Amino acid sequence: MFFSKPKLSIHEAHRILSDVAQEKCFNTSNGMVLRNLHELAQAISHMEENVFLHHVTKEKNDFATWVQEVVEDSYLASKLIKTRKQPKSASLIRDRITSIEKHIDLEKEKIQEATQDIYFHKEKIQKISLSVLCILLFFIGIFLGYRLIQ
C-alpha cells in the first residue's frame with residue numbers, strides 16, 4: 001500500500017536516511033549491496049541499464065518494493081512505482097533525500113529556538129522568584145519586628 005507525503009517526525013526522517021539492518025540490504029543483480037537511500041540513488045545513477053531493467057519491469061519494481069517494505073518510506077515508494085526510467089528513479093530518490101535533510105535541519109532549528117526560549121524564560125522566572133523571595137523576607141522581617149515591639 002502506498003500513501004501520500006506524510007509529516008515526518010525527526011526520528012522517522014533519520015530512520016529513513018539511515019542504513020537498514022544487514023539482513024535487509026538490497027542486493028542488485030550485479031552483486032552490489034545497498035544499505036540506504038544514498039547508496040540506492042548512487043547505484044541507480046551509475047548502474048548499467050540491463051541491471052536496472054532486471055529490477056524494474058512492467059510487472060515489478062524491486063526498488064519501490066524495498067523502499068516501501070524495508071526503508072518504510074511510502075511516499076517515495078509511491079513515486080518510484082510510477083516510473084520505469086532509470087534517470088527519473090535516481091532523481092526521485094535524490095529529491096526525497098534532499099527534502100528529508102531540509103526537514104531535519106528545520107526541526108533542529110526549531111529545537112534550538114525552543115531551547116533558547118526555555119533559557120530566556122528560566123532566567124526571567126529566576127529573577128521573579130528572587131524578587132518574590134525578597135518581598136516575602138521583607139514582610140517576614142516587618143512581622144517579626146512588629147512581634148518584638150509588642
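Which residues in the largest nonpolar core touch the most other members? They are L37, L40, I44, F63, V67 and I93, out of 31 residues in that core. By nonpolar core I mean buried Ala, Val, Leu, Ile, Met, Phe, Trp, Tyr and Cys residues joined through side-chain atoms within 4.5 Å. Buried is under 20% relative accessible area, exposed is over 50%, and partly exposed is in between, with a 1.4 Å probe and protein chains only.

Some ground rules. This is a predicted model, where local features need pLDDT of at least 70, side-chain atom pairs count only at pLDDT 80 or more, and totals for chains, interfaces and linings use all residues. Residues are numbered from 1 along each chain as its sequence is written, and side-chain values use heavy atoms, leaving out hydrogens and water.

Next, α4, residues 62-71. Helices are DSSP runs of H or I, at least four residues, and strands are runs of E, at least two, numbered from the N terminus. The buried residues of α4 are F63, A64, W66, V67, Q68 and V71. They pack against α1, β1, β2, α2, α3 and α5, with contact meaning heavy atoms within 4.5 Å. Not counting residues up to four places away in sequence, F63 touches F26, L40, I44, M47, F52, H55, V56 and L80.

As for the ends of α4, N61 caps the N-terminal one, with a side-chain oxygen 3.1 Å from the backbone nitrogen of F63. After the helix comes E72, with a positive phi near 65°.

Last, T83 sits in the loop between α5 and α6. T83 is buried, at 9% relative accessible area. Leaving aside neighbours within four places in sequence, T83 contacts V56, N61, K88, S89 and L92.

Definitions and conventions. A polar contact is a pair of N or O atoms within 3.5 Å; within protein, one must be able to donate a hydrogen and the other to accept it, and residues adjacent in sequence count only if both atoms are side-chain atoms.
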